[in-house]
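Subject: Handover of a structure and findings

Dear colleague,

Please find below the sequence and structure that I am handing over to you. I would be grateful if you could read the findings alongside the coordinates.

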Amino acid sequence: MNVETLDIGDLDRYAKAPEDAHQLLSPTALIDRVVTRMQAGVVGETLPWPTAASYLRFAPGQLTVWAGGAASFKSTVLSQVVLGFAEQGACTAVTSLEEPVEEYGLRLSQQGLANTAPPPARVAALYHALERRLLFWDVTGTMKRDRALAMMRYCAYERGIQHFVFDNVTKVINPSNDAMTEQWAFIRDCHQLARDTRMHVHLVMHSRKEGRDGTTPTMNDIRGTSTIVDQADQIVMTWRNRKKEELQDGTLDVDGDERATILKQPDVLLCVEKAKFGGREGKIGLWRDGPTRLFFHGADIDPQPCALVR
């Protein structure tokens with residue numbers, strides 16, 4: 001009789017279960033989680049404009065990239081979005097490495113109070129209303145990747161933050177194509193952090209295309225490696241209608257129907273380029289009120305303070 005010799009070394013690799021073995025689930029083990037998710041319905045905060053609410057939901061555990069050309073109102077739009085999150089009851093931490101925190105606060109005050117120069121008492125009222133819904137990281141300039149990630153984890157685990165805005169990623173990683181590995185690693189780590197903490201991470205980035213020729217940017221115009229596009233759950237591009245501005249300030253002369261058409265166009269477009277979990281792609285037109293830095297879903301809408309201080 002032939003007796004097969006078993007090499008005991010073949011069993012050694014199974015002597016201890018792998019660390020991830022508990023993550024293997026049978027279908028029945030998943031029933032409660034699936035039913036809970038179904039009953040929860042649509043989750044996450046929305047954009048603050050009625051015409052935009054159906055495009056995106058900023059759900060827990062996801063990563064959204066906001067990108068656009070220089071001076072395309074990325075940060076200005078996003079600060080109004082942050083106010084909208086506060087109105088919906090969510091708490092956000094903001095890191096703005098490109099401007100002092102008081103400058104960000106000035107813009108937020110003008111938007112939140114719908115006033116170019118709000119009285120100090122109104123500013124105080126707004127900030128008291130935001131006390132449990134907003135945190136600022138008082139830091140500017142460049143920083144190491146690990147420091148940024150550590151603060152994100154702290155905000156999620158220790159402060160219960162639901163949204164973390166990081167503006168701008170180029171202050172942490174080099175956007176050139178020579179740093180593709182560095183870019184991939186940071187976006188990967190931010191995405192995994194969002195998944196692990198259930199905090200929604202918002203990363204602000206630059207695009208190669210400025211949009212001055214009238215064409216709107218796409219996600220493929222984001223500066224850096226294509227893995228940024230691949231890893232993000234949602235991507236929003238901003239486009240500024242410079243031709244309309246030039247018509248309004250008299251530096252461009254266009255006659256007839258073309259002029260009327262351009263002047264009816266939105267001042268800014270939000271181009272939803274990627275909406276991975278139940279959203280929809282498309283362009284959202286916004287009209288800008290220069291003095292208050294607010295954006296509206298239509299023309300000729302009177303600025304109103306945010307709901308927290310009305």
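The findings follow, from the whole chain to the sheet, its helices and the cores.

Please note that this is a predicted model. The protein chain has 310 residues, of which 46% count as buried. Its secondary structure comes to 10 helices and 9 strands, and the C-alpha trace spans about 100 × 45 × 40 Å along its principal axes. Among contacts with a separation of 6 or more, 68% are between residues 24 or more positions apart.

The sheet

An open sheet is formed by 9 strands, in the order S3-S2-S4-S5-S1-S6-S7-S8-S9, with mixed pairing. Its edges are strand S3 (134-137) and strand S9 (294-296), each of which pairs on one side only. On average, neighbouring strands are turned by 25° against each other, direction ignored.

At the S3 side, strand S2 (residues 92-96) pairs with S3 in the parallel sense over 4 bridges; valine 94 has phenylalanine 136 in S3 as its bridge partner. Further along the order, S6 and S7 run antiparallel and are joined by 7 bridges, with glutamine 234 opposite alanine 275 in S7. S7 and S8 also run antiparallel, joined by 5 bridges, and here cysteine 271 stands opposite lysine 283 in S8. These two strands form a hairpin with 6 residues between them, and glycine 278 in the turn has a positive phi of about 85°. S7 is largely enclosed by the rest of the structure, because 8 of its 8 residues are buried.

H6 lies across S2, S3, S4 and S5 and runs at about 160° to S4.

How do H6 and H7 cross? Their axes come within 11 Å and cross at roughly 10°. Angles under 35 degrees count as roughly parallel, so H6 is roughly parallel to H7. On the H6 side the contact includes Arg145, Met152 and Tyr157, and on the H7 side it includes Phe186, Asp189 and Leu193. By class, the contact of H6 with H7 has 9 nonpolar, 1 polar and 4 charged residues.

Helix H9 (residues 242-249) has Arg242, Lys244 and Leu247 as its buried residues. They pack against S6, helix H10 (256-264) and strand S8 (282-289). Glycine 250, which follows H9, has a positive phi near 85°.

The nonpolar cores

Which residues have the most contacts inside the largest nonpolar core? They are Met152, Phe166, Phe186, Leu203 and Ile222, in a core of 38 residues. The elements that give two or more residues to this core include helix H6 (145-159), helix H7 (180-197), strand S1 (63-68) and strand S7 (268-275). Apart from this core lies another, of 35 residues, among them Leu83, Val94, Leu108 and Leu134.

Leaving aside neighbours within four places in sequence, phenylalanine 186 is in contact with Arg145, Ala148, Leu149, Met152, Val169, Val172 and Ile173.

With kind regards

Definitions and conventions
Residues numbered from 1 in each chain as written. Predicted model: local features only at pLDDT ≥ 70, side-chain atom pairs only at ≥ 80, totals over all residues. Heavy atoms only, no water. Core = buried A, V, L, I, M, F, W, Y, C linked by side-chain atoms within 4.5 Å. Buried < 20%, exposed > 50% of the residue type's maximum accessible area, 1.4 Å probe, protein only. Contact = heavy atoms within 4.5 Å. Pairing = 2+ DSSP bridges. Axes fitted to C-alpha atoms, helices over the stretch in contact; angles between N-to-C directions. Parallel < 35°, antiparallel > 145°, perpendicular 65-115°, else oblique. Nonpolar A, V, L, I, M, F, W, Y, C, P; charged D, E, K, R; others polar.
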